[in-house]
Amino acid sequence: MSTASHTFETDPSDPPPRRCPDLDVRDLEQRTRLMRIITRLIAVSDLGSRDIARRAGLPMQKISDLLAGRLEQLTLDELQSLRRTIDPELTS
């Protein structure tokens, strides 16, 4: 019978443990709510995705990410900017 003990050593070449600031629940809930609002506004808007992206000062890829549900690709500030761009009640 072996009496060898297992030791767990970290390899210096291993990347550090991943820390994701997006795991803040309140932030995630806010971004989720905004994403739902914005996707509905885009659906009923007369503006095209490219026009919305241009007016919000964001790359078209951000709109694509939003419409595909890739919430992790958008910050709260970007979502708020998009909402201000297409929500007529916020601009008046």
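Guide: A residue counts as buried when its relative accessible area is under 20%, as exposed when that area is over 50%, and as partly exposed in between. Please keep those limits in mind as we read this structure, which is a predicted model.

Visitor: How many helices and strands does the secondary structure of the chain come to?

Guide: The chain has five helices and zero strands, and its pattern, followed along the sequence, is α-α-α-α-α. Of its 92 residues, 27% are counted as buried, while the accessible surface amounts to about 7,300 Å², with 51% of that area belonging to carbon and sulfur atoms.

Visitor: What share of the contacts between residues at least 6 apart in sequence joins residues at least 24 apart?

Guide: That share is 59% for this chain.

Visitor: How many salt bridges does the structure hold?

Guide: The general idea is that side chains of opposite charge can pair when their charged atoms come close. In this structure there are six salt bridges, and one of them joins the side chains of R31 and D27, with a distance of 3.1 Å from N to O.

Visitor: Where do R31 and D27 lie, and how many residues apart are they?

Guide: Both belong to helix 1, which covers residues 25–44, and because they are four residues apart in that helix, about one helical turn separates them.

Visitor: Is R31 buried or exposed, and is D27 buried or exposed?

Guide: R31 has a relative accessible area of 3%, so it counts as buried. D27, for its part, has a relative accessible area of 18% and therefore counts as buried too, given that the limit is under 20%.

Visitor: Which residue forms a salt bridge with R55?

Guide: The partner of R55 is D51, and the closest N and O atoms of this pair are 3.3 Å apart. R55 and D51 both sit in helix 2, residues 49–56, where they are four residues apart, about one turn of the helix. R55 has 48% relative accessibility, so it is classed as partly exposed.

Visitor: Which residue forms a salt bridge with D65, and how far apart are the closest N and O atoms?

Guide: D65 pairs with R70, and their closest N and O atoms are 3.0 Å apart. D65 is buried, at 6% relative accessibility, whereas R70, at 35%, is partly exposed.

Visitor: At what angle do helix 2 and helix 3 pack, and how far apart are their axes?

Guide: In general, two packed helices are described by the angle between their axes and the distance between the axes. Here helix 2 and helix 3, the latter covering residues 60–67, pack at an angle of about 120 degrees, and their axes are 8 Å apart. The two helices are therefore oblique to each other, and helix 2 passes helix 3 in a right-handed crossing.

Visitor: Which residues in helix 2 meet which residues in helix 3?

Guide: On the side of helix 2 they are S49, R50, I52 and A53, and these meet M60, I63 and L67 in helix 3.

Technical notes: Residues are numbered from 1 along each chain as its sequence is written. This is a predicted model: local features need pLDDT of at least 70, side-chain atom pairs count only at pLDDT 80 or more; totals for chains, interfaces and linings use all residues. Side-chain values use heavy atoms; hydrogens and water are left out. A salt bridge is a side-chain nitrogen of Lys or Arg within 4 Å of a carboxyl oxygen of Asp or Glu. Buried means under 20% relative accessible area, exposed over 50%, partly exposed in between (1.4 Å probe, protein chains only). Contact means heavy atoms within 4.5 Å. Accessible areas come from the Shrake-Rupley method with a 1.4 Å probe; for residues, only the protein chains shown count as cover. Axes are lines fitted to C-alpha atoms, for helices over the stretch in contact, and angles run from 0 to 180 degrees between N-to-C directions. Angles under 35 degrees count as roughly parallel, over 145 as roughly antiparallel, 65 to 115 as roughly perpendicular and the rest as oblique. A crossing is left-handed if the near helix is turned anticlockwise from the far one by less than a right angle, and right-handed if clockwise.
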